[in-house]
Amino acid sequence: MHYPRLRHVPVLGACTFVLLFAGAAQAADEFVVTPAQMQAIGVTLQRLDKPAAIRGQTYPARVVLPPSQEQVVSAPVGGLIDRLLVSENDMVKPGQPLLRLISPELGELQLALLEATSKSRLSHKTLQRERALLAEGIVPERRVQEAEAAADADRARVRQSEAALRLAGVDSTSIKRIGEGGPLQDALTVRAKAAGNVFALEVKPGQRVAQADALMRLADTRTLWLDIEIPADRRGQLQSKGGEIMVMGRDVMATPSSIGSMVSDSQTVILRAQVMRGAERLRVGEYVQAQVPFANGVATQGASAREGWPVPVQAVARQGDKAYVFVRTPKGFVAQAVNVLTSSGQQLQVQGQLASGQEIAVSSVIALKAAWLGKSGGE
C-alpha cells in the first residue's frame with residue numbers, strides 16, 4: 001500500500017489530513033501517521049509514567065463565612081460619627097476601639113443615673129431615720145415598711161440606669177465615677193467585642209446614625225466553610241460524612257459536615273464542609289476546586305480502581321458522550337476510549353486500557369481526531 005508524501009501538500013489542515021488516510025486499512029480505531037506527518041501538523045507526545053491514586057471527584061466550591069464568625073457592630077445610641085479608628089481589612093482585638101460617637105442620648109443616660117443615684121441615697125437615709133424612730137416607739141412599723149419599699153425601688157432604678165449605660169458601651173469604671181458625681185462623658189468609644197477582620201465599614205465621619213444602625217462588620221476568618229456544588233445524580237457516589245476534602249492547588253483540607261436536601265435549578269445539591277487546615281489561604285466569597293472522596297464501596301471502572309492516569313486537558317478528545325486519547329503505535333495512532341475521573345485546572349485523570357511507557361498525543365489532537373473519523377467513517 002502506498003501512502004502519499006507530505007511534500008506534495010503545502011498546507012496540511014484537518015480536511016486534507018483526512019483525505020491522506022481515507023483509504024487506510026488498519027485495525028479498528030487505528031490510523032497511520034508517519035513521523036514526518038506528525039511534525040507537519042505539530043503533534044507532540046507525552047510518555048505515560050504510572051497511574052496515580054484517585055481520592056475522589058473534583059467540584060466547584062464557594063468559600064463561605066459561618067454566621068457565628070460574623071459580628072455586626074451597631075450604634076448603641078443615636079449620635080454623630082466623630083472619628084473612625086480602624087480601616088477596612090484591619091485586624092482588631094477584643095476591646096480595641098473602633099470609632100468615636102458623639103451622642104446627646106448618652107448625656108441623657110448619664111443624667112438618669114445621677115438622678116437615680118441621688119434619689120437612692122435619699123431614700124436610704126430616710127429608711128435609716130424611720131428605723132431609728134421605730135426603735136424609740138415614735139412611728140409605727142408601717143412607716144418603716146414604706147421606707148424599705150421606696151429604698152428598694154430606688155436601688156432598682158440605679159441598677160437599670162447602670163445597665164443602660166453598660167449596653168451603650170460605657171465601661172464599669174466610668175459608670176461608677178458618674179454615679180459618684182464625677183464628670184460626664186460627651187462622647188462614646190465603640191469597642192470590638194471579639195477579634196476579627198474589618199470586613200466592611202458602613203459609615204463615614206460626620207454621618208448621623210440612629211440607635212441600632214449598622215456601623216461596621218467584623219469577620220473572624222479563622223473558621224470557614226466550603227459550599228460544594230455536587231450534581232444531584234452523583235450524591236450517592238461521594239462521601240458526605242467523614243473523610244478529607246482537599247482544595248486543588250492549595251494546602252487546604254476540610255471535612256464534610258452536612259449535605260443539602262434541596263436541589264437547585266442547576267440540579268445540584270450543596271455539600272457543606274468545614275475547613276480544618278489552611279483557612280488563611282482562602283478568601284471569603286472566592287470559588288475553588290474541591291476534591292470530594294468517593295463513598296465506601298464506590299469503585300470506578302477499570303482494573304485499577306481508584307487510580308487514574310494524569311493527562312493534560314488538551315490530550316482528551318470528545319466524540320459523542322465518549323472521551324478518547326490517541327496512543328502512539330508503530331504505524332501511527334490508535335484512539336483509546338477513556339473514562340474521565342477528575343479534573344483540576346489544566347489536568348485530567350483518566351482510566352482506560354493504558355500502560356506505563358505508552359506515548360499519547362498532547363497537541364494537534366483535533367487534527368488526529370479528524371483523521372481518525374475520516375478513516376473510520378465517523379461514529
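At 41% relative accessibility, aspartate 251 counts as partly exposed, a class that lies between buried (under 20% relative accessible area) and exposed (over 50%), with a 1.4 Å probe and protein chains only. This is a predicted model, in which local features need pLDDT of at least 70 and side-chain atom pairs count only at pLDDT 80 or more, while totals for chains, interfaces and linings use all residues. Residues are numbered from 1 along each chain as its sequence is written, and side-chain values use heavy atoms, with hydrogens and water left out.

**Overall make-up**

- The secondary structure of the protein chain comes to 6 helices and 23 strands, where helices (H or I, at least four residues) and strands (E, at least two) are DSSP runs numbered from the N terminus.
- Of the 379 residues in the protein chain, 39% are buried.
- Among contacts (heavy atoms within 4.5 Å) between residues at least 6 apart in sequence, 73% join residues at least 24 apart.

**Salt bridges**

- The structure holds 13 salt bridges, each defined as a side-chain nitrogen of Lys or Arg within 4 Å of a carboxyl oxygen of Asp or Glu.
- Aspartate 251 takes part in a salt bridge with arginine 277, the closest N and O atoms being 3.1 Å apart; this pair links distant parts of the chain, with arginine 277 in strand E16 and aspartate 251 in the loop between E14 and E15, 26 residues apart.
- Arginine 277 is itself partly exposed, with a relative accessible area of 35%.
- Arginine 250 forms a salt bridge with glutamate 286, with 2.9 Å between the closest N and O atoms, and this pair too links distant parts of the chain, since arginine 250 lies in the loop between strand E14 (245-247) and strand E15 (253-259) and glutamate 286 in the loop between strand E16 (268-277) and strand E17 (287-293), 36 residues apart.
- Arginine 250 counts as partly exposed at 31% relative accessibility.
- Arginine 222 and aspartate 220 meet through their side chains in a salt bridge (2.8 Å, N to O), in which arginine 222 is exposed at a relative accessible area of 62%, whereas aspartate 220 counts as buried at 14%.

**Strands and barrel**

- A closed barrel of 6 strands runs E4-E13-E16-E15-E14-E17 with antiparallel pairing, and neighbouring strands of this sheet are turned by 40° against each other on average, direction ignored.
- Within it, E14 and E15 pair in the antiparallel sense over 2 bridges, pairing being assigned if DSSP finds at least two bridges between two strands; the bridge partner of methionine 246 in E15 is methionine 253.
- In a regular strand the side chains alternate between the two faces of the sheet.
- Strand E5 (residues 70-74) has a covered face, made of Gln71 and Val73, and an uncovered one, made of Glu70, Val72 and Ser74.
- E5 pairs with strand E12 (residues 214-219) in the antiparallel sense over 5 bridges, and leucine 218 in E12 is the bridge partner of glutamine 71.

**Helix packing**

- Helix H3 (residues 104-135) and helix H5 (residues 172-179) pack at an angle of about 55°, with their axes 9 Å apart; axes are lines fitted to C-alpha atoms, for helices over the stretch in contact, and angles run from 0 to 180 degrees between N-to-C directions.
- H3 and H5 are therefore oblique to each other, the class left over when angles under 35 degrees count as roughly parallel, over 145 as roughly antiparallel and 65 to 115 as roughly perpendicular.
- The contact is made by Gln110, Leu113, Leu114, Thr117 and Arg121 of H3 and by Ile175, Ile178 and Gly179 of H5.
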